[in-house]
Amino acid sequence: MESKKSNLHVLLVSFPAQGHINPLLRLAKCLASKGFLVTFSTTETIGHLMKEATNAKSCKIGHGELRFEFFSEGWEINEPQRANLGAWIHQLETVGRESFTALVNRQSQMGRPSVSCIINNPFVPWATDVAAELGIPCAVLWVQSCAVYSIYYHFQHQLATFPNPDQRDMTINLPSLPSQEFDDIPDFLTLNPYDSLRKVILSQFENLDKSFCVLVDSFEELERETIEVMSRISAPIIPIGPLFKSTNDASSVRGDIWKATDDCLQWLDSQSPNSVIYISFGSVVSLSKEQLEELSAGLLKSGTPFLWVLKTPPINVGSKPELPDGFKEEAEGKGMVVEWCPQEQVLAHSAVSCFLTHCGWNSSMECLTSGVPVIAFPQWGDQNTNAKLLIDAYGVGVRMKKTQKDGTAVVTRDEVERCIFEVTKGARAEEIKKNARKWKEAAEVAVAGSSHRNIELFVADILRMHGT
């Protein structure tokens with residue numbers, strides 16, 4: 001059986017962003033550990049950053065092999081047009097698609113097995129078209145929650161009425177989900193800040209009939225009702241998460257595009273148990289100068305030790321954030337600020353008491369399944385819905401509230417201090433910690449049970465489609 005798997009070649013193609021790369025690479029490692037030849041692909045630009053920051057190179061995993069091969073979107077890394085999101089998406093959909101097609105076709109020419117299955121993730125729906133044109137079975141890894149999948153699906157197929165900016169008091173009620181107010185809905189569907197991203201993600205739903213299944217980085221115990229509802233009205237949803245818990249045998253293979261600071265773990269070793277606030281807003285979010293000032297002041301007012309990830313934005317996206325004058329001097333001995341860190345290891349560290357997060361789905365899954373309470377500070381997209389789920393459905397934290405200050409909505413320093421106190425020492429702190437532990441235990445059950453079985457069934461589907 002293992003020799004048959006090694007003759008099958010699974011190619012995974014990711015949208016070139018950190019939050020998309022992480023779950024797809026975890027799936028790639030998982031499939032390689034099952035005995036397949038697995039190729040992970042994204043753009044050459046991001047591939048270059050991955051190689052500089054991590055050890056993104058071919059390796060044996062279990063009985064299989066993981067390799068990396070990248071395609072071109074036709075622009076140099078410093079191309080100014082990258083700042084124009086619409087132009088860059090078009091470049092990816094045209095030049096990138098052509099280069100990716102050539103990558104698929106040359107596999108057999110290079111002496112490797114032809115591609116047996118293509119797996120893409122959101123924002124590269126054209127990969128599904130490439131697979132269909134070449135007669136290659138295709139699956140999708142949905143890298144957001146099943147709840148968000150349901151919201152987009154209902155919007156795309158006009159199965160519910162969604163509010164516009166003039167209907168902010170309107171709520172929507174979808175099967176199996178809590179009532180969604182205006183600020184809980186992915187803002188691609190309400191405020192529509194990024195029209196090109198909205199179009200490309202909805203295109204994925206137009207292409208679902210070309211995929212033989214939709215995998216999702218979630219688990220049955222967390223979203224059972226939504227999975228059951230959506231599997232009745234759309235392509236079957238197969239939860240296989242949390243993926244970062246399923247790939248420990250290849251934990252050294254990472255896809256970071258920033259170099260992680262390892263000494264942050266040594267610093268955590270020197271801190272008391274359950275004492276440190278971990279702060280990270282993912283790979284895209286950049287806070288305004290005013291918000292940085294309020295957050296910094298709130299941290300110092302709380303008197304709580306902190307580990308803060310404050311990254312340099314990707315090229316042509318923004319400038320390096322500047323902390324307020326005097327902050328580093330005042331925070332000396334109280335906290336640590338780093339460019340990037342190994343988040344899974346940080347969240348698993350006994351010194352960490354809570355996670356102040358933007359609520360991207362990767363971060364949401366990682367804190368939920370590590371048993372770490374949450375201070376939710378969503379910014380855009382699905383983060384709004386994830387924050388709603390984390391706080392109201394899963395009961396693992398508190399949500400920061402913005403107020404108007406000089407015409408701008410910000411979370412004030414007093415609100416930062418209040419939320420830190422509430423989630424660590426307040427009246428509900430023990431209940432929040434109890435809920436967080438409950439979801440950690442549920443995730444461990446899923447990794448050994450339902451998600452493990454679903455991955456095995458997916459592997460069996462690939463084998464069956466190729467008569468092995």
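Which residue of E4 stands opposite Phe 40?

Mentor: In this predicted model, the residue opposite Phe 40 is Phe 68 of E4. The two strands concerned, E2 (residues 37–41) and E4 (residues 64–68), run parallel and are joined by four bridges. In general, the strands of a sheet pair through backbone hydrogen bonds, either parallel or antiparallel. Here the pairing is mixed, and eight strands make up an open sheet whose order is E3-E4-E2-E1-E5-E6-E7-E8. Strand E3 (59–61) and strand E8 (237–239) are the edge strands, each pairing on one side only. From one strand to the next, the twist averages 25°.

Helix H4 (residues 85–109) packs on this sheet, where it touches E2 and E4 as well as strand E1 (9–13) and strand E5 (115–120). The direction of H4 makes about 165° with that of E1. Helix H6 (residues 146–156), for its part, lies across strand E6 (138–142), strand E7 (213–216) and E8, and runs at about 110° to E6.

H4 also packs against helix H7 (residues 195–206), at an angle of about 30° and with the axes 8 Å apart. On the H4 side, the contact is made by Leu 85, Gly 86, Ile 89 and Glu 93, and on the H7 side by Ser 196, Leu 197 and Val 200. Of the residues in this contact, four are nonpolar, two polar and one charged.

Finally, an unreviewed UniProt entry lists residues 8–45 as "domain: Glycosyltransferase N-terminal". Over residues 8–45 the chain is 47% helix and 26% strand, with the end C-alpha atoms 28 Å apart.

How values were computed: Residues are numbered from 1 along each chain as its sequence is written. This is a predicted model: local features need pLDDT of at least 70, side-chain atom pairs count only at pLDDT 80 or more; totals for chains, interfaces and linings use all residues. Side-chain values use heavy atoms; hydrogens and water are left out. Two strands pair if DSSP finds at least two bridges between them. Axes are lines fitted to C-alpha atoms, for helices over the stretch in contact, and angles run from 0 to 180 degrees between N-to-C directions. Contact means heavy atoms within 4.5 Å. UniProt positions are given in the numbering used here, feature names are shortened, and annotations may be inferred rather than shown by experiment. Ala, Val, Leu, Ile, Met, Phe, Trp, Tyr, Cys and Pro count as nonpolar, Asp, Glu, Lys and Arg as charged, and the others, Gly among them, as polar.
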